[in-house]
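The sequence and the model come first.

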Amino acid sequence: MADKKIKAPGIFKRPVKKEKWQKKFIKKLYLPEDRKFLKSLAVEEDGYIRVNVDGLSRKDKKRLKALGKVIKKNRKAFNFILIFILILLVGGAVFFHFYLKNKLVQRLVETQLEKVFLAEVDTKGVNLSVIDGRFSLSYLAIADSEAPMKNLIEFSSVEADLKTAELLQGRVFIEELGFSGMKRGTARETSGLLNTGVDGDDAGNSTETGGQTPAADGKDAIGDVINQLSALAGNIDLEELLEQQKANLASFSVIEESKKNVDNYSEHWKGRVEQWDGKIDNWETSVSYISKVNADSFATLDSARTTITRLRTLYDDAEEDFNEVRNDYNAAEKQYNETSVLMDQIKAAVKADYDYVESLVSLPAGDKVDWAASILEEQLSMPLTKYLSYLERGLSWYNRFKRFKDSKEAKKPEDRRISRSLPPPVDAPPTFTLVHAFASGEEPDLKYRFDLHNLVSEPEKWDGATSLDIGLDMPQTGAASAVITEDSLSLDVPAAPFDLGNSLSALDIAAFSGSLALDSSVGWDDDRFSGNVNLSTADLVLKAAAPDSILYRLISTSLESVKPVTAFGEFKWSEADGLGLKLDTELDESLGDAAKVLITEGAEEGIEMLRSYLGEQLEGPLADFDLSKGDFEGYVDQIKNYETELDSYRQMADDKIAEIEKSIEDKLKKQAEDALKDGAADVLKDLGSKLKF
Amino acid sequence: MFFIKPIAKLIVALNSNTKPGAVAAAVAVAFLLALIPSINLLWPALFIISLIARLNWGFEFVFIAVFKLIVPLIDPLIEPMGWKILQSDFVSVLVYRISEIPGLTYLGLNDSLMIGGLIAGIAAWLPVFFLARILIVLFREKISPRIARSKFIAAMKRAPILGKLILAVKQFSDVY
């Protein structure tokens, strides 16, 4: 049997040159034992290397085969499979660009808008050109989820033109973004309900309900306003009004307080008078004693001494009681004078209350604007201050959001790796530029167009000023316009007719129509707003269903005197200073005057009734007060009487003492004279007898 | 277990006929990719290039993750360096000019971490590459045979998870 050479596997089949063997085989193995193994199989023949597999075990053959694969693999510098995949991806992208892109974009636009609006979205003529940076739609219609056979909105074309080169430089530059032929509520040929598995009828029913609810709510809200206005214009129950306002009337409490004070005085002086009654009774005994004192009371020296001592004691007691009663009287008189002050307070309170109840139905001069504002508040069914509070709340939310955003931004570097960037070059264009965007469309009897110019992220690097122009064209009135810039808003509306029809029928107003022109401007700076408004109306017509209605008379009287109406207002608003409003309008004057006349007429009778009712109400408390005051006065008089009486007692004791002293003096004098006479006679007699010697 | 396969592949790559340069380059590229911020065009571009070149993917992925954990620690060195380089006239002009070329602004070169990381990564590429290569060769020629013969490994083979791992290594070793 001839020697048959067993062939080596794979890449080892053919003999290779010695250099190649070293370079392409041995050097492609990196494990020393594998190199050693391969080298052990190499046989050199005529400058060529052959792998000898004779006598190799099955395991070694397997190892050699694996090494062949490894060498083959290690020879490749690149991963060709990956390169192939990349080529496939690029090819796929090219295919996508030319054949699938627009369809995919169309589907994307439709599905995303459907998710937002929950209704069918139809598009036509979608074209996206990435290289040119253009996107356009020749038709876009979004169905109304609440009225499936109508479109919520449709556009005859949507166009966007971007600069791709700018986009590749990290900047967004939109040359034009336009929405044309905008219409609302147009009819659809097919239902706009999304096929989401919801039963059609159910969806329709819920839709119907959902569609009516806001309208019904709106009607209810209007009804509420009308009811409130009717209530405002209707008759007022003055007695009930006064009862309601009783908490605001001060005189009742003042009278009650005064009466309480006077009653306290009376109580005190009643006790004192009772004390004085007892004392006066005691004095009757003393007075009786004094009146009985006569010459006999001085028959003896002891009886005279006793009488004088007692009389002096009585005199001292009378003096003491007199002083005490005089002090009481002074105190009582002082308090009595204080009741005059209380009376004045009562009078002032009563007068203030009369003024107040009059103010309930009368219109103080100079408050016309406030009154007009309150009417407006009623019509808006919400106080103006509430609207302003919403504005303030909105601003406060904005500030909070800004603070939150600032704090988040301040925290950012802590969360991530901190790095710095070079500022953009001074001459670099803004990172976002919208040169022009517009939207145009029409409604019944109205064509409109919005144009937004020069919206840029860094305005200082852009020549054009940002502005939003709003143009409205109404066949009946002509064109109206509004221009909004970064810091101002100006409006110019020609006389636009309005006709409220019979929508104010609940106020007995059958028709109200006319025309309204507006010319205004508003400027702002940070959180400050200021501006002016010029309003003028003409051809106002007001017809009443019930001409006796107060509100109708008010409005019609006002409008009669002012036709047309012009109003000029200036306002300033800031978060810190609040609202400053200056309103100058003939209508306001006229409305105010008319209101004043009407209210004055109606109020005169009301005021009389209120005065009378208040008088009746005050009558009882005042009478009670008078009674208390009378009691108190009686006690004061009584004490005065006691003062007089005690004074007389004191006088009586004093007189009696003087009388007795005089009587004693006379008696002593007489006794002295008699003694003198008797003595002289005795002396003469004695002298005579002596002379006889 | 899910982690055995990738670990086995790494061990096999360490001790297989994979070119040591491919493994070392994967480590060096991973270091570079970990140093530069990833939200820009340069990072995916370098990553794709590294995938096309025959680097060891396993080592690249693992070392990117490992170096990403370490890199924040050396940020305080890299960022000021990058900022200084970025502010130099030559580099700032270059960066502005590159940014003006459509598309290249998204390379994110106008960033101190990017420039610092890029420069540091490029500068460290060769040292890391050679260091990794030396370590791999050393491992294959000296350490691996000793480990294979050690009693410790013989004992470990009997442990359930390591036994599975060794089996997996063997399975992948056959491929190489």
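## Strands, a helix and a contact

In chain A, three strands make up an open sheet with antiparallel pairing, in the order E1-E3-E2. Its edge strands, strand E1 (16–17) and strand E2 (42–45) of chain A, each pair on one side only. Strands (E, at least two residues) and helices (H or I, at least four) are DSSP runs numbered from the N terminus, and two strands pair if DSSP finds at least two bridges between them.

This is a predicted model, in which local features need pLDDT of at least 70, side-chain atom pairs count only at pLDDT 80 or more, and totals for chains, interfaces and linings use all residues. Residues are numbered from 1 along each chain as its sequence is written, while chains are lettered from A and ligands numbered from 1 in the order in which they are written.

| Strands | Bridges | Opposite residues |
| E14 (residues 478–485) and E15 (residues 488–499) of chain A | four | A:Ala482 and A:Leu491 |

E14(A) and E15(A) are joined by a hairpin through two residues.

In chain B, 14 of the 16 residues of H2(B) are buried (20 or more other C-beta atoms, placed from the backbone, within 10 Å of the residue's own).

The contact between the chains (C-beta atoms, placed from the backbone, within 7 Å) takes 25 residues from chain A and 32 residues from chain B. Helix H3 (42–52), helix H4 (57–87), helix H5 (89–100) and helix H6 (112–149) of chain B each give two or more residues to the side that touches chain A.

Conventions:
Two residues are in contact if their C-beta atoms, placed from the backbone, lie within 7 Å. A residue is buried if 20 or more other C-beta atoms lie within 10 Å of its own, exposed if 12 or fewer, and partly exposed in between; C-beta atoms are placed from the backbone.
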